[in-house]
Amino acid sequence: QLEDKDWEREWMKDFHPMQFGERLWICPSWTDVPDPSAVNVMLDPGLAFGTGTHETTLLCLQWLDQHLLTNKNVLDFGCGSGILGIAALLLGANNVCFVDNDPQALRATQDNLLKNAVDASRYSIVAAEEYRSGTQPAFDLVLANILAQPLIDLASILTQSLKRNGWLTLSGLQTPQKNSVSQAYQPNILFAEAAEQNNWLRLSGQRV
């Protein structure tokens with residue numbers, strides 16, 4: 001038997017501010033920020049994936065912290081809580097398009113954008129079906145933190161969404177899946193060396 005608790009929020013006790021790289025912090029929306037001078041993303045994931053605690057999200061946040069995003073237009077495909085796209089906006093990106101097939105994720109993303117006081121002119125929120133059926137614009141950076149098979153299935157649409165010389169950052173795959181995922185993007189994407197943590201990988205590369 002289990003004692004009566006508010007289990008939906010029980011996990012909040014273990015979600016603390018976390019630093020990623022040199023500039024970026026992810027902070028629960030109900031806590032004070034440890035470093036007011038840093039880039040602080042205020043986050044409440046709600047029922048969507050993405051707090052920064054999982055290796056796949058962590059690897060993407062580290063990549064974002066290390067790159068110059070000023071004036072870049074970004075696609076966050078499979079946005080979950082919106083954590084990656086919001087981090088990109090606060091790190092200087094010009095505009096982010098958030099895409100997900102889960103209505104809970106789109107609601108969580110909208111809520112987190114409001115928590116971070118992001119101007120509505122700097123983002124759009126689109127259901128995945130609507131995005132895939134429309135004409136894809138070309139972005140400077142495409143982020144996709146999902147799973148290996150969806151990354152393979154989406155290779156064509158994600159590549160088409162990327163400008164020439166733009167960056168593609170993929171996560172959500174494990175080490176044995178590296179070759180099958182990277183081959184799905186050949187010959188269009190030239191990948192750099194993969195980043196790995198606890199058997200999870202991040203693949204990043206440029207469209208040639």
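L24 is buried, with a relative accessible area of 0%, where buried means under 20% relative accessible area, exposed over 50% and partly exposed in between, for a 1.4 Å probe and protein chains only. This is a predicted model, in which local features need pLDDT of at least 70 and side-chain atom pairs count only at pLDDT 80 or more, while totals for chains, interfaces and linings use all residues. Residues are numbered from 1 along each chain as its sequence is written, and side-chain values use heavy atoms, with hydrogens and water left out.

**The chain as a whole**

- The chain holds 8 helices and 11 strands, which are DSSP runs numbered from the N terminus (helices being H or I of at least four residues, strands E of at least two).
- Of the 208 residues in the chain, buried residues make up 50%.
- Among contacts between residues at least 6 apart in sequence, 59% join residues at least 24 apart, a contact being heavy atoms within 4.5 Å.

**Around L24**

- L24 is found in strand 2, which covers residues 24-28.
- Although L24 and V39 are 15 residues apart in sequence, they are 4.9 Å apart in space, C-alpha to C-alpha.
- With its neighbours within four places in sequence left aside, L24 is in contact with M18, Q19, V39, V41, L61, D65, A87 and L91.

**Helix 2**

- The 12 residues of helix 2 (residues 55-66) should span 16 Å at 1.5 Å a residue, and its end C-alpha atoms are 17 Å apart, which agrees; the expected span is 1.5 Å times one less than the number of residues.
- Helix 2 is mostly covered, since 10 of its 12 residues are buried, and L61 and D65 are among them.

**Helix 4**

- The buried residues of helix 4 are A105, L106, A108, T109, N112 and L113.
- Seen down the axis of helix 4, these buried residues fall within an arc of 160°, so they line one face of the helix; the arc is that of the directions from the helix axis to the C-beta atoms.
- The cover over the buried residues of helix 4 includes strand 3 (39-43), helix 3 (83-90), strand 5 and strand 6 (123-127).

**The largest pocket**

- A pocket is an open set of points on a 1 Å grid over the protein atoms alone, where a 1.4 Å probe fits, with protein on both sides within 12 Å along at least five of seven lines, and its lining residues have an atom within 4 Å of a point.
- The largest pocket has a volume of about 400 Å³, the volume being the space filled by probe spheres set on the points, which are joined across faces, edges and corners.
- It is lined by 22 residues, of which G78, D100, N145, I146 and L147 lie nearest its centre.
- Strand 5 (95-100) and helix 5 (128-133) each supply at least two residues of this lining, and helix 5 gives the largest share, 3 residues.

**The second largest pocket**

- About 180 Å³ of space lies in the second largest pocket, whose lining includes W63, H67, D140 and W167.
- The largest share of the lining of the second largest pocket, 5 residues, comes from strand 8.
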